[in-house]
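Visitor: I would like to learn how to read the places where chains meet, so please give me the general idea each time and then the case at hand.
Guide: Gladly; let us look at the model together.

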Amino acid sequence: MKKEGKWFGFFITFGVMFLFWIILSGLLTAFHLIAGGICSALVALISHDLLVKGKSDKLIIKSWRLLCYTPWELWQIVMANIDVAYRVLHPKMPIDPCVFDFETSLRGDWALTTLANSITLTPGTITINVEPEKGKFQVHAIAKEPADALLVDQTMQRKVAHIFMES
Amino acid sequence: MLLVNIIVTLLLAGGVFFLLVGSIGLLRLPDFYTRLHATGKCDTLGGGLIIFGLTIYHLFHYSHHPLVPVRLLFLIFFIFIANPTATHAIMKAAYRTGLKPWKSGEERR
Amino acid sequence: MITLFLAVALLILVSISLSLYRGAVGPGVFNRVAAVNVVGTKTIALLVVFGYFFERPLFFDIAILYAMLNFIGTLVFAKYVERGDVCS
């Protein structure tokens, strides 16, 4: 790893930690700011390679696209919960569970995590297992229609690949 | 002020409805994997709606603590990321240990 | 408005007691762990509602702490069941 990559990750992690300190405490006196700076620097020194791996390009475009993806995901969360409420409160309980696999072309850490989280939050599916080398997902679905929406339509995979530029 | 009260009441009622649906699903559904579907999705949205309603209530009644809504929104963001991850982790542990999923037509477990 | 918060808190308590049945009966350890996770998540919402009921809005700091503890507890249990020990 080149030296400039190491310091880039350190400064991004330090900035995020310091921002969280200021937001969570709300105090802007000199003592608290200096204490926050020291604690954020220590935490960033120990664990900066967990957040940003080396030198990642086009970080601002990816963050902006992730922010624009959030309203669509919130709408999917509401639809998922109305679907679950319908299936649970119906007298006949129309469920038909199954387990299936599928493959994607995503390989990066953030892309796989975002896709797994979105699969768990959208109607009718939960991620069981992820293999990061081959991009394989194992998913448990509660009925046939949500499983088809994930396998056949592939709307979510296209959106996540668009955010992280098919990493 | 009446409009704010109505919006807060609607958000709190929606949140409590989804929490109750999550608990009823935990009792009614026949298998461990389907019960995780009910709790993992409904608990997240129910808690998020209740805390969002209280954020709006705080903005209009407690203006002398101006930074609190930002911290409540951070709590909502944390719940939306932590709850599905915990659900996925426990489901992966159960699947790896060999718990078999339920197919339609079998008896309840 | 304050009595509405009391009604919401009582309904959350009702749903917590419904999921305690699954924690007591649920055949196997996984159903019980799912029930405990559910109780933890509903406690977070209950803490925030109680804070506004008693007119002390700063209770949510405890709610943020408990959310993190609940999350870490469930992850540690899942890792222990899968591998046999927590730190290998």
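Visitor: Which residue forms a salt bridge with Glu82(C)?
Guide: A salt bridge is a side-chain nitrogen of Lys or Arg within 4 Å of a carboxyl oxygen of Asp or Glu. Here Arg96(B) pairs with Glu82(C) in this way, and their closest N and O atoms are 2.7 Å apart. Between chain C and chain B the count is three salt bridges. Before going on, note that this is a predicted model, in which local features need pLDDT of at least 70 and side-chain atom pairs count only at pLDDT 80 or more, while totals for chains, interfaces and linings use all residues. Residues are numbered from 1 along each chain as its sequence is written, chains are lettered from A and ligands numbered from 1 in the order in which they are written, and side-chain values use heavy atoms, with hydrogens and water left out.

Visitor: How many residue pairs are in polar contact between chain C and chain B?
Guide: A polar contact is a pair of N or O atoms within 3.5 Å; within protein, one must be able to donate a hydrogen and the other to accept it, and residues adjacent in sequence count only if both atoms are side-chain atoms. Between chain C and chain B there are nine such residue pairs, both residues at pLDDT 80 or more. The elements of chain C that give two or more residues to the side touching chain B are α1 (2-25), α2 and α3 (60-83), where helices (H or I, at least four residues) and strands (E, at least two) are DSSP runs, numbered from the N terminus.

Visitor: What area is buried between chain C and chain B?
Guide: The size of an interface is often given as the accessible area lost when the parts come together. Buried area is taken with a 1.4 Å probe and summed over both parts. For chain C and chain B it is about 3,900 Å², of which carbon and sulfur atoms give 79%. In chain C, the residues that lose the most area to chain B are Arg22(C), Phe30(C) and Tyr52(C), together 16% of what that side buries. Counted by contact (heavy atoms within 4.5 Å), 43 residues from chain C and 44 residues from chain B take part.

Visitor: How many residues does the largest nonpolar core have?
Guide: A nonpolar core is a set of buried Ala, Val, Leu, Ile, Met, Phe, Trp, Tyr and Cys residues joined through side-chain atoms within 4.5 Å. The largest has 42 residues, and Leu54(B), Leu75(B) and Val48(C) are among those with the most contacts inside it. Elements of both chains give two or more residues to this core, namely α1 (2-28), α2 (32-61) and α3 (68-97) of chain B together with α1, α2 and α3 of chain C. The most comes from α3(B), with ten residues. Leaving aside neighbours within four places in sequence, Val48(C) is in contact with residues including Leu54(B), Leu75(B) and Phe60(C).

Visitor: Is Phe53(C) buried, partly exposed or exposed, and why?
Guide: Buried means under 20% relative accessible area, exposed over 50%, and partly exposed in between (1.4 Å probe, protein chains only). Phe53(C) counts as partly exposed because its relative accessibility is 21%. This residue lies in helix α2 (residues 29-53) of chain C, and beyond its neighbours within four places in sequence, Phe53(C) is in contact with Ile2(C), Phe5(C) and Leu6(C).

Visitor: How many salt bridges are there between chain A and chain B?
Guide: The count there is zero, although eleven residue pairs are in polar contact, both residues at pLDDT 80 or more.

Key. Buried area = accessible area lost by both parts, 1.4 Å probe.
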